[in-house]
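Subject: Structure handover

Hello,

Here is the structure I promised to pass on. Please open it and keep it beside you as you read.

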Amino acid sequence: MYVEGWNVHRVIRPARLANAVVERLLLRILEGEFPPGTDLPPEAALAAEFAVSRTILREALKALEEKRVLRIRHGRGTTVRPKAEWNLLDPLVLSVQLDYESSPALIEELGEVRTALLTLMAELAARRIHPPQREQLTAALERMRAAAQEPIPFHEAALAFTRTLAEAAGNEVARCVIETIDVPHGGQDDEQSKLAEAMKLRLLLAEAVHATVAAGPGAPAGSVPAPASAASAAASNPAGPLAPGAQSLRQGQVSTVPLNRHGLRAPAPVQSARV
């Protein structure tokens, strides 16, 4: 058995009803139906509206309280907290905002954080990387190059690149943050031109990260020139060949790379608000 959710493109199974209520409530908050500082309707009314038990509703409200979206005061109701207090890096909160709020500012800020963290990890890896990790990093980069026109294989290779970099840098926190904000591409983007541009920029950043790691700790700017040939690249760069023109991140010539999320969608027409 399954239940049709608020979005006709989603199938929601009974075990996930609480998550469906969480998502629907969060969307309605983002749409302004329940502005910050206002109280939600009584539990009985919400449970009837979503066609779920009060137990499931309370589970959903508790989840939103843990994400700092709601404040539950027993005997006094449930209040929407200011957006500045939300846990923006919670995967569900972030996903709903990117999918339905279409906030360019949020996307830009997350892209800046992602690029800064990759730069930090590259600097750390330049000092700490081991030979097997160099080989793995180069192999992942080569897979990214080979899949430059194929979104799903490209994302898988980019994920392997980031994880290898994090392992070499010895910083799992940075990896977790990057993987949280870098929403995977599902292969159904509406704007393929934007996706292609994002992949191009992401490959450029990976090339710069690779060059930084190859240069080693404290290398001066311009220490990793574009190789004249594959032979000279192999001789001068123990981490593997660089793409033509690739330079170290220390040169500050790599722009912020946007998140791997494009074709932002407005909510599909809601036929029923019941879950």
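In which helix is Thr162 found? Thr162 sits in helix α7, which covers residues 151–169. Before more on that residue, please note that this is a predicted model.

Is Thr162 buried or exposed? Its relative accessible area is 4%. The cut-off for buried is under 20%, so Thr162 is buried. What does Thr162 touch, once residues up to four places away in sequence are set aside? The answer is Met121 and Ile178.

**α5 and α8**

Helix α5 spans residues 104–128, and helix α8 spans residues 172–181. Their axes come within 10 Å and cross at roughly 150°. Angles over 145 degrees count as roughly antiparallel, so α5 is roughly antiparallel to α8. The crossing of these two helices is left-handed.

**α6 and α7**

Helix α6 covers residues 131–146, and its axis comes within 8 Å of the axis of α7. The two axes cross at roughly 160°. That angle makes α6 roughly antiparallel to α7. This crossing is left-handed. The α6 side of the contact includes Leu137, Ala140 and Leu141. Among the α7 residues they meet are Phe154, Phe161 and Leu165. By type, the residues of this contact divide into 11 nonpolar, three polar and three charged.

Strand β3 (residues 70–73) pairs with strand β4 (residues 77–80). The pairing is antiparallel and runs over four bridges. Leu70 stands opposite Val80.

**The whole protein**

How many helices and strands does the protein have? It has 10 helices and four strands. Along the sequence, their order is β-β-α-α-α-β-β-α-α-α-α-α-α-α. The protein has 275 residues, and 45% of them count as buried. Take the contacts with a separation of 6 or more: 71% of these join residues 24 or more positions apart.

Best wishes

Conventions:
Residues numbered from 1 in each chain as written. Predicted model: local features only at pLDDT ≥ 70, side-chain atom pairs only at ≥ 80, totals over all residues. Heavy atoms only, no water. Pairing = 2+ DSSP bridges. Axes fitted to C-alpha atoms, helices over the stretch in contact; angles between N-to-C directions. Parallel < 35°, antiparallel > 145°, perpendicular 65-115°, else oblique. Left-handed = near helix turned anticlockwise from the far one by under 90°. Buried < 20%, exposed > 50% of the residue type's maximum accessible area, 1.4 Å probe, protein only. Contact = heavy atoms within 4.5 Å. Nonpolar A, V, L, I, M, F, W, Y, C, P; charged D, E, K, R; others polar.
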